[in-house]
Amino acid sequence: MKITIREHKPGENIRPFIQAGHEVFRGDPHWIAPLNFELRDRLHPKKNPFFLRADVTFFTAWRGSQLVGRCSAQIDREHLRVWKDDTGFFGFFDTIDDEEVATALIDAASNWLRRRGMKRMRGPLSLYVNEEAGILIEGFDAPPVVMMAHSRRWQARLAESAGLKKEKDLIAWKYTAGEFPARVLRAWEQVKAMPEVRLRSVDTSRMDDEIRNVMEIYNDAWQGKWGVVPALPEEVEKVAKDLKLIIDEDLAFMAEIDGRAVGMCIMLPNLNEAIADLNGKLLPLGFAKLIWRMKVKHPISTRLMMLGIRSELRHVKKYGGLSAAMYVEVAKRGIAKGYKWGELSWTREDDGPINVGIKAMGATPYKKYRVYEKAIV
């Protein structure tokens with residue numbers, strides 16, 4: 001039966017787009033349905049400030065009356081301003097195991113981008129690089145942690161059958177509670193002994209100011225890195241609002257030198273662990289379960305989402321151990337609170353010094369995601 005592609009514009013009825021995820025992942029024991037209200041807000045132009053800088057549309061694929069896949073297409077104007085590469089993006093690329101379905105969706109997204117002047121398409125980014133990125137190609141036997149993607153085993157094969165080529169692989173690392181290497185423990189002790197250095201918890205009573213500091217350091221530390229675009233002020237405000245709901249202030253801290261924030265570490269309790277059995281719904285009892293699981297019981301897993309220092313310190317010998325000290329500090333804090341393991345995600349496959357440092361901390365790569373690209377001229 002012929003494949004039909006339907007377009008769903010932001011702000012209109014996108015229920016089929018959300019439902020497509022449930023259809024594609026039905027029977028996958030490791031998929032965790034995102035909370036429906038959160039996903040609706042992310043995809044709504046009045047709820048997500050990403051739409052201030054982007055043009056977005058959504059596609060679903062149907063075989064007769066059967067919903068068989070989905071894909072978004074988006075043009076990030078801030079990305080174009082920074083990178084000047086005529087690249088548009090696709091995301092939420094989830095389909096049944098069918099080449100015809102996958103190709104129809106990729107063609108719909110690429111045609112939409114081409115008509116708007118784009119010369120290449122990259123993804124999946126759902127909706128951009130700071131959200132779910134890539135198709136899972138290794139690590140299918142573990143569920144995704146908070147704000148990380150999951151894929152069916154066939155998705156990468158179908159992407160390639162639709163003409164997409166590898167652009168870059170992203171690595172997720174796993175830490176388990178255990179002994180710290182002597183070298184990094186020594187760096188932690190040395191940094192903690194410096195009178196001008198302070199590692200302090202994020203102050204949730206002034207979260208907006210704290211997140212502005214975090215994003216300022218992020219924008220500086222990651223400037224020029226693959227795919228990175230500075231966050232808009234409105235996006236920073238939304239991050240602050242969202243993190244208030246799930247952050248554990250003991251796992252999020254700033255590194256200060258003489259009272260100035262020069263580094264940050266954001267490790268989040270794994271929300272996905274708390275919502276795994278809710279099937280995306282908070283009613284009638286899901287909300288109470290979620291609050292109890294996050295604030296009383298708390299998950300046993302975490303995601304180290306951001307850790308960085310200002311670029312001006314990278315070659316200052318005295319503070320050469322600051323990053324390692326921050327890794328140890330957040331790990332010790334997590335262990336003290338009963339967390340058992342954490343994911344650090346993600347790093348790029350070609351982040352040589354960073355990946356070597358992570359291995360030295362005792363982490364192991366346990367998942368890999370692939371970002372694809374194709375010319376659409």
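Colleague: Let's start with terms: patches are made of residues with over 30% relative accessible area and no salt bridge. Which residues gather in a patch of positive charge on the surface?

Modeller: Keep in mind that this model is predicted. Lys and Arg count as positive, so those are the residue types to look for. The patch of positive charge on the surface is made by Lys 9, Arg 114, Arg 115 and Arg 116.

Colleague: Is Lys 9 buried, exposed or partly exposed?

Modeller: Lys 9 sits in the loop between β1 (3–8) and α1 (15–24). Buried means under 20% relative accessible area and exposed means over 50%. Lys 9 has 47%, so Lys 9 is partly exposed.

Colleague: Okay, going inside: which element gives the most to the largest nonpolar core?

Modeller: That core has 35 residues, and Leu 322, Met 326 and Tyr 327 have the most contacts inside it. Elements giving two or more residues include β9 (165–176), α6 (182–193) and α11 (322–336). With 7 residues, the top giver is α11.

Colleague: How many residues apart are Asp 350 and Lys 168?

Modeller: Their side chains meet in a salt bridge, 2.7 Å from N to O. Asp 350 is in the loop between β14 (341–348) and α12 (352–360), while Lys 168 is in strand β9. The pair links distant parts of the chain, and the gap is 182 residues.

Colleague: What is the relative accessible area of Lys 168, and is Lys 168 buried or exposed?

Modeller: The cut-off for buried is under 20%. Lys 168 counts as buried because its relative accessible area is 9%.

Definitions and conventions
Residues are numbered from 1 along each chain as its sequence is written. This is a predicted model: local features need pLDDT of at least 70, side-chain atom pairs count only at pLDDT 80 or more; totals for chains, interfaces and linings use all residues. Side-chain values use heavy atoms; hydrogens and water are left out. Patches are made of residues with over 30% relative accessible area and no salt bridge: like charges are joined within 9 Å, nonpolar side chains (Val, Leu, Ile, Met, Phe, Trp, Tyr) within 5 Å. Accessible areas come from the Shrake-Rupley method with a 1.4 Å probe; for residues, only the protein chains shown count as cover. A salt bridge is a side-chain nitrogen of Lys or Arg within 4 Å of a carboxyl oxygen of Asp or Glu. The place of a charge is taken as NZ of Lys, CZ of Arg, CG of Asp or CD of Glu. Helices (H or I, at least four residues) and strands (E, at least two) are DSSP runs, numbered from the N terminus. Buried means under 20% relative accessible area, exposed over 50%, partly exposed in between (1.4 Å probe, protein chains only). A nonpolar core is a set of buried Ala, Val, Leu, Ile, Met, Phe, Trp, Tyr and Cys residues joined through side-chain atoms within 4.5 Å.
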